[in-house]
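Dear colleague,

I am handing over the structure below, and after it I set out what was found. Please read it with the structure open beside you.

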Amino acid sequence: MSRCAWPLLRRLPARAGLALRHGGGAPRARPAASSASSSSSASSGDGGPSRAPDTSLFVPVPLKPGLGGAAEEDVGAELTRPLDKGEVLKTLNKFYKRKEIQRLGAENGLDARLFHQAFISFRKYIMESSSVSADLHIILNDICCGAGHVDDLFPFFLRHAKQIFPMLDCMDDLRKISDLRLPPNWYPDARAIQRKIIFHAGPTNSGKTYHAIQRFLSAKSGIYCGPLKLLAHEIFQKSNDASVPCDLVTGEERVFANEDARQASHVACTIEMCSTNTPYEVAVIDEIQMIRDPARGWAWTRALLGLCAEEIHVCGEPAAIDLVTELMYTTGEEVEVRNYKRLTPLTVLDYALESLDNLRPGDCIVCFSKNDIYSVSRQIEARGLECAVIYGSLPPGTKLEQAKKFNDPDDPCKILVATDAIGMGLNLCIRRIIFNSIVKPTVNEKGEKEIDSITTSQALQIAGRAGRFGSSFQQGEVTTMHREDLVQLKEILSEAVPPVKAAGLHPTPEQIEMFAYHLPDATLSNLIDIFVSLSQVDGMYFVCNIDDFKFLADMIQHIPLNLRSRYVFCTAPLNRKEPFVCTTLLKFARQFSRNEPLTFDWLCRHTKWPLAAPKNIKELVHLEAVHDVFDLYLWLSYRFMDMFPDADLVRDIQKKLDDIIQIGVCNITKLIRASQSAAAPGTAEAVSEDFPPSGAQKDARVVSDRHGAASTEALSVAGEAAGLRRAKNLRSSRLGGRQEDGKSYGRGSLANRLLREGLLTQEMLRQLESEWQDQHRSDRYSFGSKRDDQHSSKETRKKRK
């Protein structure tokens, strides 16, 4: 006879969410409306409805089945009997299919996804455990022997679900932590004073930043916040040259104006490094339109809302005026707008460059990929012209040296080849900007690479570098390399810049720490995902892209670090496309976790310092990566001084590395030639006399590059060319199918043209000639055989007749 123990249940812990009733001699429990907190019906802090969480981000915490609970087993089996696992499985499956149970689960925060995952875990836990808790054992036994109802399992199921999904018990707290709707309240020191906001609005080269800096220099104390180390360094130098002591603060560097390392009254810093606790008389926030940047916009939002300064001077595009005014309305502060016009005229030419033979002193060719930089600079120097080269991954010192070389009237270098890195941070004497292309590779929100036309804001920022006020060229000119791009460039420049609509936000370390307190078993990457999923922002803000942060979090997840240290490592400024730098960060974190200081000797062994001057492009790229590694060390040294103790020594060798990279950049044409020779040893060094190539010539160049086979750079160029062709085809169709330029570049025979343009070598020509002759002989033989066969058949027919 089965021994049911219903009376004992009265002495066991109460089971929430059930209304017990007796009837028909068998005790039964039916589900009732639960009063528990529900994630799907939780309210936000102000009583409004909140967004349902993305439960796909909820990672279940694994629970091990009970394997050795002899005492528990004795209690359950003593009070009832050993469980029949077959009957238990049938009971659990019946429980899962009950619509009432699914509804009750939804009321307790278990949507269909979580309900299914929780049930699978619950079933596995019961079926694989040698013993379960006494109360659960008794309920299962009662259901199996007909003395209980399957719904009685729900309290135990819910308890298990909350164990594997701990966020169900604290969803309201998590929502409050991730509520980002009132960012001004994060900065009580700034809210305690009445600040004056002055917006200096105007295009590039209008003097807006100059007027803000003059106020900065005349103040008793001030802070300048810029987007680049180069800009912060420029203001640092200008201020000290004007006898206004000014410190420099970047992520990797601290330079004090006073010899005794006493803090000066003025500071120039990169915007991420600005202090929101130090009071100033004047603050300058440069390039305010970057508040919309998907990755870094949060830094401008933080500076605008949080700086404790009596006057905040904001400089940037007029497109940001409305948003800044609206943001300041929420803080009770008014905005004074001062508009500026360009100081020198800027003309869009009616003709394209079409050939590098048409270059003149003061020209700057703007490319949107490093491979285009290599290609164009080589073809310029093949014409006997010297050019300077600037692109984003070059160290700041090298960029400054290349800019100095280009600006020096006594230097023979009169041409500049650059990426859009010249858009800000460098003072250049440019007479004419030439867009090599008006399409630019970008990465969308999904992390996918796209190629699209540059925006009006980007075009104006780059074009505005021509004809800088105070330079030797008092009038700027803009054009394109390709004739077919010029019409669209004019359209882009004539359009109004769309207004900046939202400001970026980013979770703070304190918010993530509070999340981790509630979800101690979640990974940092998962914490960030859940935070963004639950976060609430109003229409003036957006949460910045966190893909780089998550990439680093996943990369170092297996290394034992405390949360605060892990967070710092994940905010390190590095390019995740550089394997050497990412590997170094991993080694830094691993040694840090063992509490072993990362010394100068260790770093030298890892980077194989000292390094020689580069012999090819691949070596130059590696030197740039090593420079980034030194930057990473210096960045971490200011956050973990004891663990990265040799910052001064690293800074010394970084300066030496900067000199080595400058040598490589000055000889970049030789490096390109060496790289291509290594890729295709028999390739002649022919260079196109007419640049840029037509579409057919580009196709031929892709084939030629692939013939090189071993060159990664060549394959990359081929991919870029193919992508640019697709983008141009799309652009042509959107513009009404403009007539393509059918002009044939070069003169003479096809073979001679291909040889001159570097698309064909003498060796390739001999091979083609040999193959053609073999084919010709084969065709002649085939034709002769066919003719002999025909003659033979005629003779046979005659004999038959």
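Helices here are DSSP runs of H or I with at least four residues, strands are runs of E with at least two, and both are numbered from the N terminus. Before going further, please note that this is a predicted model, in which local features need pLDDT of at least 70 and side-chain atom pairs count only at pLDDT 80 or more, while totals for chains, interfaces and linings use all residues. Residues are numbered from 1 along each chain as its sequence is written, and side-chain values use heavy atoms, with hydrogens and water left out.

Is helix α6 mostly buried or exposed? Ten of the eleven residues of this helix (residues 134–144) are buried, so α6 is largely enclosed by the rest of the structure. Buried means under 20% relative accessible area, exposed means over 50%, and partly exposed lies in between, with a 1.4 Å probe and protein chains only. Among the buried residues of α6 are His-137, Leu-140 and Asn-141.

When neighbours within four places in sequence are left aside, Leu-83 is in contact (heavy atoms within 4.5 Å) with Val-88, His-137, Leu-140 and Asn-141. The C-alpha atoms of Leu-83 and His-137 are 7.6 Å apart, although 54 residues separate the two along the chain.

**A cavity**

The structure holds five cavities of 30 Å³ or more. A cavity is a set of points, on a 1 Å grid over the protein atoms alone, where a 1.4 Å probe fits but cannot get out, and its lining residues have an atom within 4 Å of a point. Grid points are joined across faces, edges and corners, and the volume is the space filled by probe spheres set on the points. The second largest cavity has a volume of about 40 Å³, and its lining includes Leu-83, Val-88, Leu-140 and Asn-141. Which helix gives the most to this lining? It is α6, with three residues, and α3 (85–97) also supplies at least two.

A search of the whole structure finds zero disulfides, a disulfide being a pair of cysteine sulfur atoms within 2.5 Å. Cys-367 is accordingly in no disulfide, and the nearest cysteine sulfur, that of Cys-364, is 8.6 Å away. Cys-367 is buried, with a relative accessible area of 1%, and Cys-308 counts as buried at 7%.

Thr-270 belongs to strand β7 (residues 266–270) and is buried at 8% relative accessibility. Leaving aside neighbours within four places in sequence, its contacts include Gly-226, Leu-228 and Val-249. Gln-488, in helix α17 (residues 483–494), is buried with a relative accessible area of 8%, and its C-alpha atom is 9.2 Å from that of Ser-453, a residue 35 places apart from Gln-488 along the chain.

**The chain as a whole**

The secondary structure of the chain comes to 30 helices and 20 strands, and buried residues make up 48% of its 801 residues. Of the contacts between residues at least 6 apart in sequence, 76% join residues at least 24 apart.

With best wishes

Terms used:
On a 1 Å grid over the protein atoms alone, a cavity is a set of points where a 1.4 Å probe fits but cannot get out, and a pocket is an open set with protein on both sides within 12 Å along at least five of seven lines; lining residues have an atom within 4 Å of a point.
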